[in-house]
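Hi,

Here is the structure I promised to pass on. My notes on it follow below.

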Amino acid sequence: MTDDPVHAFLRDYAAAVFDRDLPRFLDLYADEVQVFDSWNRWEYAGREDWAGMIAAWFEGIQDVRVRVTAKDVKTWHDTQVAGGSATLEFAALDADGQPLRATENRLTVLLRNDGGTWRIVHQHTSVPVDFQSKQVVSR
């Protein structure tokens, strides 16, 4: 992985999730971040709003570690803005580090360079849904 802003975000995101480190996770996001999420709500407006959802998620995974793996990563950036997309696999691991279950979603992010610190200003996650069954489509 190169250290462009999107790859750095994905690396730091995965580490914060694995450690269930809420402050480190939230530091990846701008105060005014807009998040379109795949779970529970359509939109979270601002880091404080997003923090409530992430805190609840981390509380709900206290019995496992979650390994986040980015696949199909595509990125672009200049000196002030960056963007990218990826497929993220979230694998719950048992105490021995063996996968118990996993799920995937798609991620698109936009980052802004604020004085040398890159932060997410917009994040969009999604999963494809079959029109007929209304079920998530797996790869």
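E4 and E5 pair in the antiparallel sense over 13 bridges, where pairing takes at least two DSSP bridges between two strands. Within this pair, Gly84 stands opposite Val109 in E5. Strands (E, at least two residues) and helices (H or I, at least four) are DSSP runs, numbered from the N terminus.

Bear in mind that this is a predicted model: local features need pLDDT of at least 70, side-chain atom pairs count only at pLDDT 80 or more, and totals for chains, interfaces and linings use all residues. Residues are numbered from 1 along each chain as its sequence is written, and side-chain values use heavy atoms, with hydrogens and water left out.

The open sheet has six strands with mixed pairing, ordered E2-E1-E6-E5-E4-E3. Strand E2 (43-45) and strand E3 (65-77) are at the edges with a single partner strand each, so one side of each lacks a neighbour in the sheet.

Now the pockets. A pocket here is an open set of points on a 1 Å grid over the protein atoms alone, where a 1.4 Å probe fits, with protein on both sides within 12 Å along at least five of seven lines; lining residues have an atom within 4 Å of a point. Volume is the space filled by probe spheres set on the points, which are joined across faces, edges and corners.

The largest pocket holds about 780 Å³. It is lined by 34 residues, and Trp39, Phe90, Thr103, Glu104 and Asn105 are the closest to its centre. E5 gives the largest share of that lining, seven residues.

The second largest pocket has about 220 Å³.

Cheers
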